[in-house]
Amino acid sequence: MHSCWVEINLSALRHNFQAVRQLVGEDIGVIAVVKANAYGHGGVEVSRLFASEGATMLAVTRLDEALPLRAAGLEAPILLLAPPLQAECDEVVERDLTACISDLAGAQNLSHAAARQQRTARVQLKINTGMGRLGVEPETAIEIAKQIQALPNLELTGAYTHFASAGERDTGLVLAQYGRFQPLVQHISRATGLNPKAFHCANSAALIRFPSMRLSCVRPGTILYGQFPSPMVGESALDQGVKLREGFEVKARIIAIKTLRRGQTLGYGPEWKATRPSRIATLAIGYADGLTMEPHARTVSYSEVKRATQVAAKRAAQWYGVRGDDAARKVKLNGQNALIIGRIAMQQCSIDITHLPDAQTGDIATVWMRRLSAGAHLPRVYVED
């Protein structure tokens, strides 16, 4: 029995994968992105699920994310979305991973590693069309693809790009990026003999909003886990009948209950004082487990922080059935809402259960938490409908 854990509904994840499959059709491959511990859901189990559902490839960012999948016996093709370091090339080849190539030097390093092992390393060329972080420039992509193809012990198996704003209302950048990438499909194919079906660019947002960008393969990430990357994407998906399921819940048990007198304080600071006789429960979860008041996964400026906080309060209010800024500080306990009070500690937090006289030690609360915040050390418990 766990005092704090993450419950993963595999039926929900299976539903989401098949929703993508139904949307794009059977003839288009699906590269299932399982980076960041499968978005917090557990890399090994989720990768097994998507592989069994027919994923063309699995995709992670770094070598250290791919190794546990191979150690668990997964034989599916695995794409590294970031180029490996030179010191990692031998293991990339040994573990039969498909490496991202972002420059010619990276390809040469892999070629040398593969030659040392007398093996052939598979690689895919990353092309920068506007994201700016990684990849060769479009004007040099054809020549570099030819040079990669000429290196010994290397097999160029694909080329791809990544969109920076496919989920935004302004479609100018994503259309410009696609306009740079799409002609390269035929040019690189003719120059290298690479199958045109080996090119991909459509992430979660693009595969929903821009069907023409699906090409022969799509690369969904966040939608596999029940989330749309933006309201714009969600609206487009609903118009197409795409409905996702949530498969992630953080659970924590009550480990102690006590009654505080009016005027007594609680927790560090202390920041909370009882205004009435109050029944208080302690949950076995805290900020070391990922329970913070930061409500949003990506913030880029002060204005974005402010907007994200407001959006999170609105979402939490809908989720919990309550209103106001306190919405993000509530949990569900025995079917009702309970307010988190005082500071969240490292591995504990407190909730007010004065209105829940039947609550007792051992009861389970569902805690609202960002998925990628949930600590990797928390047990993942897998369930089916």
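**Salt bridges and a sheet**

Guide: The side chains of Glu26 and Arg21 meet in a salt bridge, with 4.0 Å from N to O. A salt bridge here is a side-chain nitrogen of Lys or Arg within 4 Å of a carboxyl oxygen of Asp or Glu. This is a predicted model, in which local features need pLDDT of at least 70 and side-chain atom pairs count only at pLDDT 80 or more, while totals for chains, interfaces and linings use all residues. Residues are numbered from 1 along each chain as its sequence is written, and side-chain values use heavy atoms, with hydrogens and water left out.

Visitor: Is Arg21 buried or exposed?

Guide: Arg21 is buried, at 9% relative accessible area, whereas Glu26 is exposed, at 64%. Buried means under 20% relative accessible area, exposed means over 50%, and partly exposed lies in between (1.4 Å probe, protein chains only).

Visitor: How many salt bridges are there in the whole structure?

Guide: The search finds 14. One of them joins Arg14 to Glu53, whose closest N and O atoms are 3.2 Å apart.

Visitor: Which parts does that pair tie together?

Guide: Arg14 belongs to helix H1 (residues 10-24) and Glu53 to the loop between helix H3 (43-52) and strand S3 (57-60), so the pair ties together parts 39 residues apart in sequence. Helices (H or I, at least four residues) and strands (E, at least two) are DSSP runs, numbered from the N terminus. Both residues are partly exposed, Arg14 at 27% and Glu53 at 22%.

Visitor: Which residues are in the network with Arg14?

Guide: Glu53 and Glu384 are linked with Arg14 in a network of salt bridges.

Visitor: Now the sheet. What is the order of its strands?

Guide: Four strands form an open sheet in the order S5-S6-S7-S8, with parallel pairing. Strand S5 (99-101) and strand S8 (199-200) stand at the edges with a single partner strand each, so one side of each has no neighbour in the sheet. Two strands pair if DSSP finds at least two bridges between them.

Visitor: How many bridges do S7 and S8 pair over?

Guide: Strand S7 (residues 154-160) and S8 pair over two bridges. Tyr160 has His200, in S8, as its bridge partner.

Visitor: Which helix packs on the sheet?

Guide: Helix H6 (residues 104-117) does, touching S5, strand S6 (121-126) and S7; contact means heavy atoms within 4.5 Å. The direction of H6 makes about 140 degrees with that of S5. Axes are lines fitted to C-alpha atoms, for helices over the stretch in contact, and angles run from 0 to 180 degrees between N-to-C directions.
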